[in-house]
Amino acid sequence: MLEDRMRAASSPTAWPAAYPKGYAVVDVETTGLARDDRIISAGVYRLDARGEVEDRWYTLVNPERDPGPVWIHGLTSDVLESAPLFHEIAEEFSARLDGRVLVAHNAVFDWQMIAREYARAEREAPVRQRLCTIALSKELALPLPNYKLEALAAHFGVVQQRAHHALDDARVLAEAFRPSLRAAAAGGVRLPLHECRPLTEWTDRAVPRQQAAGYGSYRQTSWRPARKRPACPYPNPGRYEEGKQLKQGMRVAFSGDTSIERDLLEDRATEAGLHVATSLSRLTSLLVTNDPDSGTSKVVKARQFGTPVVDEAAFGQLLGDVEPASQG
């Protein structure tokens, strides 16, 4: 049972040698969920290799624009106007992250927000791996009613004091992650670690958005001008066959967390002449996922239809040599 594994893990038994040497449990509050949005506060709990708390850190960040959904995070323009800019806290943030696995709830979101802010500051976040506590909960088969942070906290008896406050959310997550880590260690569970690659494709452009009093006009940093992907000009040649090349026109779908930002990965596929599909059908040539046992709708359909599945690393290799479409 999980409780037995957790008790065993708390005893001075051998710790898995392959486990990371330290963790940075992170929560960021933002002006929104889009790639144009900005971080307005960040909380970090640093844990050692066995999950013991070393210290904590919190900062507000001036987003140089309207603060977004104040009714959720409670941070107004007046509060944020005197806060430091991200580039002013980047070095201290780096000190909290350096050499550690970034741990977050829905980690791909926090990582992408952090990576974008560092790119805007013309720096790189010192993060090489991340761990999502949602994925870890699934690995441990925790009996949760859902995978929201409050459900995970309730399972471990952690009391939330200020939901959507970055430091308290980081505290709650750290206190839920610690017993999860011990249970994983006791059971020899593989930690769901994903590679983090810094984002570098960005450009300045003005973004028209309603501005709050006190900010005036602003320029927003973004990754590329928003654009609709062009339709694939090539016919679908059918399914991908293992050991062979991808061929222009093949329909490719993506599912789950990826190391490279999803938009960038899809752009690369489009530029190679592939058809990026938002859903999976019998016509899909290939599904790309790092978690083939996740049980997402796309993974389930791929299994039903017999659609070939590869992980992100294999797909990256295949993208390097895509066969041209057959000529009329």
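Where is Arg197 found? I looked this up first in the model, which is a predicted one. Arg197 lies in the loop between β6 (193-195) and β7 (203-205).

Glu124 is 73 residues from Arg197 along the chain, and the two C-alpha atoms are separated by 9.2 Å.

**Helix pair α4 and α5**

I turned to helix α4 (residues 86-97) and helix α5 (residues 107-120). Their axes come within 10 Å and cross at roughly 130 degrees.

Which residues of α4 and α5 make the contact? From α4 I listed Phe86, Ala90, Phe93, Ser94 and Leu97. From α5 I listed Ile114, Glu117 and Tyr118. I sorted the residues of this contact by type: six are nonpolar, one is polar and one is charged.

**Whole chain**

The protein chain has eleven helices and twelve strands. Of its 328 residues, 51% are buried. The chain exposes about 15,800 Å², and carbon and sulfur atoms supply 49% of that area.

Last, I looked up the sequence range of the contacts. Among contacts between residues at least 6 apart in sequence, 66% join residues at least 24 apart.

Definitions and conventions:
Residues are numbered from 1 along each chain as its sequence is written. This is a predicted model: local features need pLDDT of at least 70, side-chain atom pairs count only at pLDDT 80 or more; totals for chains, interfaces and linings use all residues. Side-chain values use heavy atoms; hydrogens and water are left out. Axes are lines fitted to C-alpha atoms, for helices over the stretch in contact, and angles run from 0 to 180 degrees between N-to-C directions. Helices (H or I, at least four residues) and strands (E, at least two) are DSSP runs, numbered from the N terminus. Contact means heavy atoms within 4.5 Å. Ala, Val, Leu, Ile, Met, Phe, Trp, Tyr, Cys and Pro count as nonpolar, Asp, Glu, Lys and Arg as charged, and the others, Gly among them, as polar. Buried means under 20% relative accessible area, exposed over 50%, partly exposed in between (1.4 Å probe, protein chains only). Accessible areas come from the Shrake-Rupley method with a 1.4 Å probe; for residues, only the protein chains shown count as cover.
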